[in-house]
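Trainee: I've got a new model open and I'd like to learn how to read it. Could we go through it together?

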Amino acid sequence: MISTTTNAIEGHPVREYLGIVTGEVIVGANLFRDLFASITDIVGGRSGKYEDVLARARKQAIAEMEGEAVRLGGNAVIGVDLDYEVLGQNGSMLMVSASGTAVVV
């Protein structure tokens with residue numbers, strides 16, 4: 001499965017457009033992860049725990065989007081867009097969404 005943010009795949013002309021496909025993942029923030037992130041924010045540096053959670057959520061959202069493309073009969077997704085949103089009363093949840101156009105190349 002080829003997934004790209006571009007509207008075309010060089011050397012692979014689009015033969016059929018199948019429609020918009022999406023994948024969404026919502027993850028909750030763990031109390032201990034929040035504690036480590038707070039400490040990191042105070043002393044500076046990157047929050048590796050949050051980065052791991054973001055990377056895993058992004059991969060899951062893309063996989064979900066690609067799975068929907070396969071169910072439609074596609075073998076690629078073009079025009080992929082990734083969005084990140086904070087949800088919940090205290091920003092305790094993170095949503096990662098991936099969307100694009102399923103195509104046959």
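Predicted model: local features only at pLDDT ≥ 70, side-chain atom pairs only at ≥ 80, totals over all residues.

Trainee: Where does T4 lie?

Mentor: Helices (H or I, at least four residues) and strands (E, at least two) are DSSP runs, numbered from the N terminus. T4 lies in the loop between β1 (2-3) and β2. The chain has 2 helices and 4 strands, and along the sequence they come as β-β-α-α-β-β.

Trainee: Is T4 buried or exposed?

Mentor: Buried means under 20% relative accessible area, exposed over 50%, and partly exposed in between, with a 1.4 Å probe and protein chains only. T4 has a relative accessibility of 17%, so it counts as buried. Across the 105 residues of the chain, 29% are buried.

Trainee: What about T101: which strand is it in, and what does it touch?

Mentor: T101 sits in strand β4. Its relative accessible area is 24%, which means it is partly exposed. Leaving out residues up to four places away in sequence, T101 touches Y17, G19, I20, A76, V77 and I78. T101 and T22 are 79 residues apart in sequence, yet their C-alpha atoms are 8.7 Å apart in space.

Trainee: How do I read a nonpolar core, and which residues touch the most other members of the largest one?

Mentor: A nonpolar core is a set of buried Ala, Val, Leu, Ile, Met, Phe, Trp, Tyr and Cys residues joined through side-chain atoms within 4.5 Å. The largest one here has 14 residues, and V21, V27, M65 and V77 touch the most other members. At least two residues of this core come from each of β2 (16-28), α2 (48-71), β3 (76-87) and β4 (93-104). The largest share, 5 residues, is supplied by α2. Apart from this core lies another, of 5 residues, including I9, A76, V103 and V105.

Trainee: What does V77 touch?

Mentor: Not counting residues up to four places away in sequence, V77 touches M1, I2, S3, T4, V21, M65, A69, G100 and T101.

Notes: Residues numbered from 1 in each chain as written. Heavy atoms only, no water. Contact = heavy atoms within 4.5 Å.
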